[in-house]
Every structure is written in C-alpha cells, then in structure tokens.
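Here is a short note to read alongside the model. Keep the structure open and check each point as you go.

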Amino acid sequence: MTRVAVFPGSFDPITNAHLDVARRASELFDRLVIGVLNNPRKEPLFEVNERVDLIRRCVSELGDHVSIDGFDGLTVDFARRHEAGFIVRGLRAVSDFEAELQMALTNRKLAPEVDTTFLMTALEYGYVSSSLAKEVARFGGDVSAMVPELVAQALAGRLGVRPSV
Ligand code: PNS
C-alpha cells in the first residue's frame, strides 16, 4: 500500500520549523505533497508561485517522492486530488493545539477517509513562525536561525532591507 500525505500551509515563507516537519514526514510517507494555499483573505508577502519556488529549492534534497503544489479551496479536496490518505501538520506548542484540533475535526467530518497526523516541531524551532520571521526581517534582524539562507535573501529582497548576518 502506498501511503500518500499532503502537508498544507500558507508557507509565507517556508521556515526551518516547516522544513523540519517536511523532512520527517518525507521519511514516514511514500509520497508527500506540500500544498501551498492561495488564500485570497490573506495578503501574502510572496505570491503562491514564489512560495512554491522557494520551497522547491529548500526541499530538493529530500527526494523525488516530495513535490510541491499550490491550491485553492479546501485542504481535503486537495488531499483527494492527490489521492492522499493523510494530512500532515506540525505542532509547536500547546497554543497551536486548539486550532489544529478544530481543523482536524472539521477535515475528518468533510473527508472521513483522510486522517490528520501531527509531528511535534523540533525543540529548537518551537518559537519559529513565518509571521515572526517576516517581522524580524522587516526590521533588519537576523533570521538565520528561523529560515534557510535563500529564504532570508528573498525576505530581504522583498522587504527592501539588507540581509543581516
Ligand atoms: O500555514 P497555515 O496558515 O497555518 O495553514 C492553514 C491551512 C492552510 C492548513 C488551513 O487554513 C486550511 O486548510 N485552509 C484551506 C481551507 C480549508 O480546508 N478549511 C477547512 C479546514 S479548517
């Protein structure tokens, strides 16, 4: 049996915490599709195609069984399109739990055949989020512990600041 999982998110931009989850999920599943949500209600810093491109460059060493795709609409429809039986989400702290539980239960109601699996983010990335990385980068702070170098450069370029080292 082939185990396929989707790892949905905004990824605006991808962080080391996301990458840690993606790497570990890539070892658990036969195929992993990282899904980048095109959410018209949010005003992202990076367009979907830019986020997809950044992720592609960050996960290239994980193997051919990891792919990236943008999506609109429901995560469960995205999972079904990719014939995935699992949704992967990372959990950083207890504060993530309530929203994640609500999402997992909603998704199960919508698609009982798709199960949500959680991976605990590595301790060193427990504080990392895309929003925090953007805020630190915006004010010229050092984001090298939060995002890969190529993402730090993309952030600096987009925000018009010099990358801090
Ligand atoms: O990286 P994020 O912003 O925490 O990811 C949230 C995401 C994309 C997983 C969530 O907003 C989502 O699944 N959106 C798609 C719409 C959907 O399926 N809604 C119903 C389940 S809550």
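Predicted model: local features only at pLDDT ≥ 70, side-chain atom pairs only at ≥ 80, totals over all residues.

The points below take up the ligand and then the aromatic rings.

1. Look at the polar side chains next. Thr-75 places a polar side-chain atom 2.6 Å from an oxygen atom of the ligand. For Arg-89, the distance from a polar side-chain atom to a ligand oxygen is 3.0 Å. For Lys-42, the corresponding value is 3.3 Å.

2. How much of the ligand does the protein bury? On its own, the ligand exposes 530 Å². The protein buries 72% of that area.

3. Turn to the rings. The structure contains three aromatic pairs. Two are described here, including that of Phe-7 and Phe-11. Their ring centres lie 5.2 Å apart, with 85° between the planes. That pair is edge-to-face. Phe-7 and Phe-11 are both buried.

4. Why does the pair of Phe-71 and Phe-78 count as stacked? The ring centres are 4.4 Å apart and the planes meet at 20°, so Phe-71 and Phe-78 are stacked. The cut-off for stacking is planes under 30 degrees apart. Both Phe-71 and Phe-78 are buried.

Conventions:
Residues numbered from 1 in each chain as written. Heavy atoms only, no water. Polar contact = N/O pair within 3.5 Å; in protein donor to acceptor, adjacent residues only side chain to side chain. Areas by Shrake-Rupley, 256 points an atom, 1.4 Å probe, with all protein chains shown as cover. Phe/Tyr/Trp six-rings, centres within 6.5 Å; stacked < 30°, edge-to-face > 60°. Buried < 20%, exposed > 50% of the residue type's maximum accessible area, 1.4 Å probe, protein only.
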